[in-house]
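Please go through the structure below with me.

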Amino acid sequence: MKFVDEYRDPTLLRQQLTLLRQLATRRWVVMDVCGGQTHSLLRHGLEEALDDCLDLVHGPGCPVCVTPAEVIDDAVALAFRPNVVLTSFGDMLRVPGRSGSLLQARAAGANVRTVYSPADAVCMAEKEPNVQFVFFGVGFETTAPATALAVLQARQLGLTNFSVLAHHVRVEPAMRALLELPDNRIQGFLAAGHVCTVTGFAHYSQLVDEFQIPIVVTGFEPLDLLNGLIECVRLLEAGSPGLRNEYVRSARPEGNPHARRLMDSVYQVSTIPWRGFGLIREGGLTMRSNLAEFDARQQFELAASTLSNEGDCRSGDVMAGRIKPSECPLFGKACTPDSPVGAPMVSSEGTCAAYFRYAKPVEICHD
Amino acid sequence: MTDHNNGETWFTCPIVSHDEGDRITLAYGEGGRLSRKLIRERLLSRFGNDHLRQLGDAALLPTKSGQIAFSTDAYTVTPLFFPGGDIGKLAVFGTVNDLAVSGAIPRWLSLSLVIEEGLVWSVLDRILDSVQAAATLANVSIVTGDTKVVPRGAVDQIFLTTSGIGEILLPAPVGPVGLQLDDVLIVSGPIGCHGAAVLCAREQLDFDPTPTSDCAPLTTPLVALHAAGLVPRAVRDATRGGVAAVLHEWADASHLTCVIDDASVPVGDEVRVICELLGLDPLNLANEGTFVLATPVGLVEQTLAVLGQHAVTARSAIIGRLHPRRIAPVTIVRAIGREVVLDEPSGSPLPRIC
């Protein structure tokens, strides 16, 4: 299969693994900020294979994981309202808020439908004009343009029964927030290839200069990841932080201008809460006030999303690279994919779920 | 940069409800860990007897004149018709295959219909024609049945239940408890076709080429294996939960580790494309005409030769082997040669966000 097989070629992979080992003279701490990369590293056994020469930590790269429980509660509450259908991507359904997940809500009679694209929700709204359709728009800059497009389509169609409960988040401010932590350990970043495909990556040079840290735009296949890590380690070993692109088949410095324009026309940059982190300045996108009729928060008079600070889940520590998931006392015991305590265990892109699924299960107890 | 950076509380995650909830979610019906939990905790605890506790695809029951195999399954699928099959075909082949993989020749089926008020006659006729054609192909007779019509909304169009009786071919496979070290794991064809076909049909995902369900009866190649004296150690059709769920059941029953080789698992390009795009694993997708078989290493070549003579199993492939229990019940060797855990599917595979 083109664009897959050539990036999983065993001979090439072994060759690059050897090169990476030769390059690293010390165990550098490198963070990825993309759930897809996290899973690929673990799924293909790369993290384990590199454990002695690289300390790979996995940042807040899973959009589902950083969506506050309170926002999920809002979605659940909307789904229970009469005459409202809540639509969402599949992997959002299992993530529990404080009052359960959307899957549980559906079992209890709430109206929840899975869609593959926000445009599907617009189609439903067009076909069923007497029902209010709310799309639960979560995700990084990868999904935000599609939600924006759906809003513009709904406006063009003159729909009055479509709105978006948006909690879109931005990657770069989260990377900055991590670097500003007093106990930051991160020495290099793999930037998320798909996010960069949309947003571009030229703006990362500011982080590189300010924090003297290498950032390498990286893809998701095993060979992509090895090439990204090799470049990152080269920069670290040379002591010359820089910005590099190892995902040239997809990412450009300026990104995708069309997608960026779409986002800009619908969303404004805002300071919003991240689950496990707290408020991150300019860390999210909220709907522009001239589109209030498509903003579910306005339409259904919901309060601005908040974040409480209860609980034992150490997802924030995991996402900041302070601890490995297996160091969390709940991991594999009170917290498993079937009964998750925190979002990183339940989402298909979550770091804890990746560790549970792929890492050596010495300390895992499968009931 | 962050406003809540005030020590420990900054890095906590709001607690979430992590009980099961007081209601059954769809995840309990998807054939993975949660389905097994439901069966173990709610059904076996009440009805546990020696036959049921085997949790085989069919129960092997003693009668005065010998052993019979008995199996039952309920069928719901949306949409009712999909590339490669429909609910009628599924209902026949599903039960036929449960009997066949248990070492029996399927003979008689019951058919129960629960029909939603308002279903169009032509849809019912199409389904029943399909049941008839499938029964003819699988050489079974529908010998008893029942019909119910329920108010609109009580079921989704139509649900079918078939039970089946088959005559045991002796010796029958011992089943997963009889698995032994070094036994070889074989799948009977490219995996994930049914799951991918139904997903695409249900969600109207427009992939080219469109995946087609593998829905087919498996009796003939299994009888042929028996006739050739190549009785497998265990056979299981890899329906809900896919090949991964079968391997987990076998690992649990045998206390061994199923080790499979990623590169050897046959997956068609049309299924791979969908899995790569949606973040799904073909090993977790349902099959309706594909089995997993374990056989002693000495019988592998002949087994593959026999399977190769039948269209439905012509693309059989060795995917792995049984090892002493080590890091996990099921592991998979990835391209770089690292052996990693293969988790048991839990709940329905949900497509990822991005």
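A residue is buried if 20 or more other C-beta atoms lie within 10 Å of its own, exposed if 12 or fewer, and partly exposed in between, with C-beta atoms placed from the backbone. This is a predicted model, in which local features need pLDDT of at least 70, side-chain atom pairs count only at pLDDT 80 or more, and totals for chains, interfaces and linings use all residues. Residues are numbered from 1 along each chain as its sequence is written, and chains are lettered from A and ligands numbered from 1 in the order in which they are written.

Q: How many of the twelve residues of H4(A) are buried?
A: Helices (H or I, at least four residues) and strands (E, at least two) are DSSP runs, numbered from the N terminus. The buried residues of H4(A) include Ala69(A), Val71(A) and Ile72(A), and also the charged-type names Glu70(A), Asp73(A) and Asp74(A). H4(A) is largely enclosed by the rest of the structure, because its buried residues number ten of the twelve.

Q: Which elements are among those that cover the buried residues of H4(A)?
A: Contact here is defined as C-beta atoms, placed from the backbone, within 7 Å. The cover includes strands S3 (84-88), S4 (112-114), S5 (132-139) and S6 (162-169) of chain A. Among the helices in the cover are H5 (102-107) and H13 (296-299) of chain A.

Q: What radius of gyration does chain A have?
A: The radius of gyration is taken over C-alpha atoms, and the globule rule is 2.2 Å times the number of residues to the power 0.38. Chain A has 367 residues, so a compact globule would come near 21 Å. The chain agrees with that rule, at 21 Å.

Q: What share of the residues in chain A is buried?
A: Chain A holds 16 helices and eleven strands, and its C-alpha trace spans about 65 × 50 × 45 Å along the principal axes. Among its contacts between residues at least 6 apart in sequence, 75% join residues at least 24 apart. Of the 367 residues, the buried share is 59%.

Q: Which element gives the most to the side of domain 1 of chain B that touches domain 2 of chain B?
A: By an automatic or database domain assignment, chain B is divided into domain 1 (54-168) and domain 2 (176-341). The contact takes 21 residues from domain 1 of chain B and 22 residues from domain 2 of chain B. Helix H3 (87-101), strand S5 (104-116) and helix H4 (121-138) of chain B each supply at least two residues of the domain 1 side. With nine residues, the element that gives the most is H3(B).

Q: Which residue in S12(B) is the bridge partner of Cys258(B)?
A: Two strands pair if DSSP finds at least two bridges between them. Strand S10 (residues 256-261) of chain B runs antiparallel to S12(B), joined by five bridges. In S12(B), the partner of Cys258(B) is Leu322(B).

Note on methods:
Two residues are in contact if their C-beta atoms, placed from the backbone, lie within 7 Å.
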